[in-house]
Amino acid sequence: MQPVSKFQSIQAAILADDFKKAFGIARKFFFGFTSEEKRCIEIAADALNGRASFYATLGVDVGIEVEAAKALLRSKYVI
């Protein structure tokens, strides 16, 4: 059995519409992301793990960040 790469794991999670899992993997695998993209993914991962209210208190629109992170992962990982 061939080991599954992080790239393949992120792809599979995106295709299964499991962005919580995709963000969780991607936030530890930042190769090829700018600092702004990394921040976006981290906020989205935290928001989907129950920390959305923290970012809301900082004035961050979590909904926009999550959608931006989804689009970012789709553009980088879905071929």
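Phe 54 counts as partly exposed because its relative accessibility is 48%; buried means under 20% relative accessible area, exposed over 50%, and partly exposed in between (1.4 Å probe, protein chains only). Phe 54 sits in helix α3.

The model is predicted: local features need pLDDT of at least 70, side-chain atom pairs count only at pLDDT 80 or more, and totals for chains, interfaces and linings use all residues. Residues are numbered from 1 along each chain as its sequence is written, and side-chain values use heavy atoms, with hydrogens and water left out.

**Overall fold**

The chain has 4 helices and 0 strands. Helices (H or I, at least four residues) and strands (E, at least two) are DSSP runs, numbered from the N terminus. Along the sequence the pattern is α-α-α-α. Of the 79 residues, 37% count as buried. The C-alpha trace spans about 45 × 25 × 20 Å along its principal axes.

**Helix α3**

Helix α3 covers residues 35–57. A straight helix of 23 residues would span 33 Å at 1.5 Å a residue, but α3 spans only 22 Å between its end C-alpha atoms. The expected span is 1.5 Å times one less than the number of residues. At Gly 50, α3 bends by about 120 degrees; the bend is the angle between axes fitted to the seven residues ending there and the seven starting there. Gly 59 follows α3 and has a positive phi, near 85 degrees.

The buried residues of α3 include Cys 40, Ile 41, Ala 44 and Tyr 55. Their cover includes α2 and α4.

**Core and contacts**

The largest nonpolar core has 24 residues. Such a core is a set of buried Ala, Val, Leu, Ile, Met, Phe, Trp, Tyr and Cys residues joined through side-chain atoms within 4.5 Å. Elements giving two or more residues to this core are α1, α2, α3 and α4. The most come from α3, with 7 residues. Among the residues with the most contacts inside the core are Phe 23 and Ile 41.

Contact means heavy atoms within 4.5 Å. The table leaves out residues up to four places away in sequence.

| Residue | Touches |
|---|---|
| Gln 11 | Tyr 77 and Ile 79 |
| Phe 23 | Ile 41, Ala 44, Ala 45, Leu 48, Val 66, Ala 69, Lys 70 and Leu 73 |

Gln 11 belongs to helix α1 (residues 6–15). The side chain of Gln 11 reaches the backbone oxygen of Tyr 77 at 2.7 Å.

Note on methods. Polar contact = N/O pair within 3.5 Å; in protein donor to acceptor, adjacent residues only side chain to side chain.
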